[in-house]
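Open the model in your viewer and keep the selection panel handy. We will go from stop to stop, picking something and looking at what is there.

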Amino acid sequence: MSLESFQRALCDLVASPDLCLAVREDSGAALAAYTLTARERERLAAVVWQRGMSTNCTLYRSNRITPVYTLLPFTCRALGGQFQPLIEAFWRARVFGDGQFLSEVDRFGMFLRRRIAEGGVASPFAGELLAFELARNELAFLPRKAALERVAALPAPDPAAPCALHPLARAVAFSHDPVALLDAAAAGALPPALPERAALVVLSVVTGALTVLQIPEPARLACRLTAEGGALWPLASLAPDLARAGLLVAAAAGGTAPGICGESMLEFTNFRAP
Amino acid sequence: MVDFLSIMPDLFWTDHGTGAEKNRFVELDSWTEFLDWAVGRMPVVAHSIGLSLGSAAFDDDDYVEQLADWHRRYGFLWHSDHLSFAQVRSASGHEQHAGMAVPLPYDFEVLDMVAGRIRALRPKLPSPFLIENAVTYLRFADEDMSEPEFLNALVRQSGCFILLDLHNLHTNARNHGFDALDFLRRLDLAAVMEVHIAGGGEIAGMYTDSHSGACPEPVWALLEEVLPRAPNLKGVTFEFHDSYFPVFGAAGVHAELARAKSIWSRHRGP
């Protein structure tokens, strides 16, 4: 137990400059929660004064920020000056679970969604850029070969039959012009505001590269109505680009339901012709 | 130019964690396609980052089985991981990642624990197992033994070999003010099967093992020292972090490989 507790204390110190300062101030009190031998306690009380502990704290922060900044660059830009306090609040709330990039980013995404829903994020674009990047990341890490094999085994989609979004595609709702917003985010020049305009885009990695298609307005409205529990609509005819791009597939029994990633997180699937 | 490839298998899959109900390890198609291509052309070795062999409270049988499965698929010539820990149990009992490889005190208690874990691991991986000497920015007072003594004892007690990271050694020597050549004199170089070389830079007032570019001259000097004295050494790996590639470039990587190969040829033949 003692070595285990020593290692946990060391990890906690690396993750928290505040705890390091507390140990400097009063090691007995700051380390009271850990079961340590006298030698372990002395070692911890000594290492917080070493320059290397600052390096470790810096490396920890650098290593933990890297997944978020690498996989959510547009969201980080949209957050601007709020990014640092938000990521630090996230770090205080959640330990670095398994060290995996994708799960860390997903956890930060959930945290940020809650903050956005609570009105705690100033950027009007953060929610839709987060939804876009989470969908893009999810697609990037999907087993593409297996998904293509699964779809190849399905019958060809029939406009008169139930259909679903390809498993290698995701729909994302925007409340601003997606082209203008994504271009500005990519250029690192997000304006303070853009005209509001509801839009729905479909991201896909069916061809291997990421493609983004904007769904025509009638199809977007149909999707929303379906998602809100309304009637099912013939998506293939409302959004022929999706059908032509091979992004609509026959609905497989028990298949996963693709969702609209965005402000409402509503789900839609199995668009049946009336 | 490249005689063998060292891969980090952990980067070739997404690990959904010990709590995943099914499909815990989801492989990345584009990465495995590259590996499938490479194994037919050159020897490949595995350098994992997830065993956390120094953890006092961490065991992950499914992860070990995943590594073993990859050994069966790809026939890695040897397998290495690090003399450090990265996984602990949080106060609430959940897995907690340290965010970095955290160093171990070189004590008998730690030696017994790590040696036991390597002994338990070795039969599960069908190739020699190598432990890499750690980079550490901290020094623990009152350790039971020196780092070379610890490594030598670990080799004896566990049957592992050593992956001697010369940049880690250089980094530690530079930051903590000891003589790297003296370290080499005290290390059992017959146990060294692979050598790592790399470059680094300053962070927060210390020289770090960032794998950011060219090897510093002292690392080349250490390689010159080791090559004639490590009879079981099978390869030298240049470690480089791809995020620095736009700055360092292919020519930079090529130059490091060419220099390493020239030193190898001079001491060991082509």
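In which loop of chain B does B:Asp142 lie? Select B:Asp142 and you will find it in the loop between strand S8 (129–132) and helix H4 (147–158) of chain B. Helices (H or I, at least four residues) and strands (E, at least two) are DSSP runs, numbered from the N terminus.

Before going on, two notes on conventions. This is a predicted model, in which local features need pLDDT of at least 70 and side-chain atom pairs count only at pLDDT 80 or more, while totals for chains, interfaces and linings use all residues. Residues are numbered from 1 along each chain as its sequence is written, and chains are lettered from A and ligands numbered from 1 in the order in which they are written.

Most residues other than glycine have a negative phi. B:Asp142 counts as exposed because it has 10 C-beta neighbours inside 10 Å. The scale is this: buried takes 20 or more other C-beta atoms within 10 Å of a residue's own, exposed takes 12 or fewer, and partly exposed is in between, with C-beta atoms placed from the backbone.

Now jump to B:Asn23, in the loop between strand S2 (13–15) and strand S3 (25–27) of chain B. Its phi is near 50°, again positive in a non-glycine residue. B:Asn23 has 11 C-beta neighbours inside 10 Å, so it counts as exposed.

**Strand S10 of chain B**

Select residues 192–197 of chain B. Buried or exposed: what are the residues of S10(B)? Here 6 of the 6 are buried, so the strand is largely enclosed by the rest of the structure.

One bridge to show is B:Leu164 with B:Val195 of S10(B).

**Helices in chain A**

Switch to chain A, whose secondary structure comes to 14 helices and 6 strands. Of its 274 residues, 40% count as buried.

Select helix H1 (2–15) and helix H5 (51–71) of chain A. Their axes come within 7 Å and cross at roughly 75°; axes are lines fitted to C-alpha atoms, for helices over the stretch in contact, and angles run from 0 to 180 degrees between N-to-C directions. That makes H1(A) roughly perpendicular to H5(A), a term for angles of 65 to 115 degrees. A:Leu13, A:Val14 and A:Ala15 of H1(A) make the contact with A:Met53, A:Asn56, A:Cys57 and A:Tyr60 of H5(A). Two residues are in contact if their C-beta atoms, placed from the backbone, lie within 7 Å.

**Where the chains meet**

Last, show both chains: 37 residues of chain A are in contact with 37 residues of chain B. Helices of chain A that each supply at least two residues to the side touching chain B include H1(A) and H5(A). H5(A) gives the most, with 11 residues.

Note on methods
Two strands pair if DSSP finds at least two bridges between them. Angles under 35 degrees count as roughly parallel, over 145 as roughly antiparallel, 65 to 115 as roughly perpendicular and the rest as oblique.
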